[in-house]
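Please read the numbered points beside the sequence and the model.

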Amino acid sequence: MPVIIDVISEVLGSLTSKASASCASPGTSTCSSSECYSELSSSSWGSTTSSIYEGTSEHRISIREYIKRWSKYAHNEEQILLIAMIYLDRCCVKTKMTVTPANVHRLLLACLLVASKWFHDTPYSNKHYAAVGGVSLKDLNRLEVAILKDMRFSTHIEKKQLNVYAKEFSRPRHHSRR
C-alpha cells in the first residue's frame, strides 16, 4: 500500500500547491480532470470552496502522514483509499470546489469516512474515526453530512471505475518536463 499512499499524497500535494500558488480566481481550474483522474473527463476541479471543510488551524501533519495514520488506525485496505479519491473527485466536480491547503485534510477525512462505511459491513464508530482524523465527533458528523450532500448522495462505485483509479494510483507518477 505504500505506493498508493505516495501517489495519492503527491496528487493532493500538487493540487494544494497549485491552489496556493495561483490563488485561483473564480472560474479558474486548479487541476484538469485528466491529471486528477476525474470521473467526468470534460470537467475540472473548480475554484470555489465550502467553509465546512476549512480547518481552523494549520495542520501539523503532512497529507502522506495523515493517510498513513488513517490506514493504520482505521485498518483500511487499498480500495478504501481509491474509493475516497473517487468521492473527492465527485465532490469537487459537482461543487466546483478547489482542493487547498486549508481544506485538504478535512475533505480527505470526510471522503475516507464515507468510503470506509461504504466498503465495510461493520465500520468503526464515528467516535473512533474522529479520534483517528483529529477532529471532534461533532465536526466529523457535520463533515459526513456535507460530503454526502456535496456528492448528491452518489456513493455507488462501478467496478470499472475502481479499476481505472487502481491503475492510475498504483504506479508512481512521472512528471513530464514542459
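1. Tyr165 and Phe169 are both buried, a term that denotes under 20% relative accessible area, with exposed meaning over 50% and partly exposed the range in between (1.4 Å probe, protein chains only). The two residues belong to helix α8 (residues 159–169), where four residues, about one turn of the helix, separate them. Helices are DSSP runs of H or I with at least four residues, numbered from the N terminus.

2. The model is predicted: local features need pLDDT of at least 70 and side-chain atom pairs pLDDT 80 or more, while totals for chains, interfaces and linings use all residues. Residues are numbered from 1 along each chain as its sequence is written, and side-chain values use heavy atoms, without hydrogens and water.

3. There are three aromatic pairs in the structure. Rings of Phe, Tyr and Trp (its six-membered ring) pair if their centres lie within 6.5 Å; planes under 30 degrees apart are stacked, over 60 edge-to-face and the rest tilted. Trp70 and Tyr129 form a stacked pair, at 5.1 Å centre to centre and 15° between the planes. This pair joins distant parts of the chain, since Trp70 lies in helix α3 (residues 63–73) and Tyr129 in helix α6 (residues 126–133), 59 residues apart. Both Trp70 and Tyr129 are buried. The pair of Tyr165 and Phe169 is stacked because the ring centres are 6.0 Å apart and the planes are at 25°.

4. One aromatic cluster consists of Trp70, Tyr124 and Tyr129.

5. Ala102, in the loop between α4 (78–95) and α5 (104–119), counts as partly exposed because its relative accessibility is 32%.
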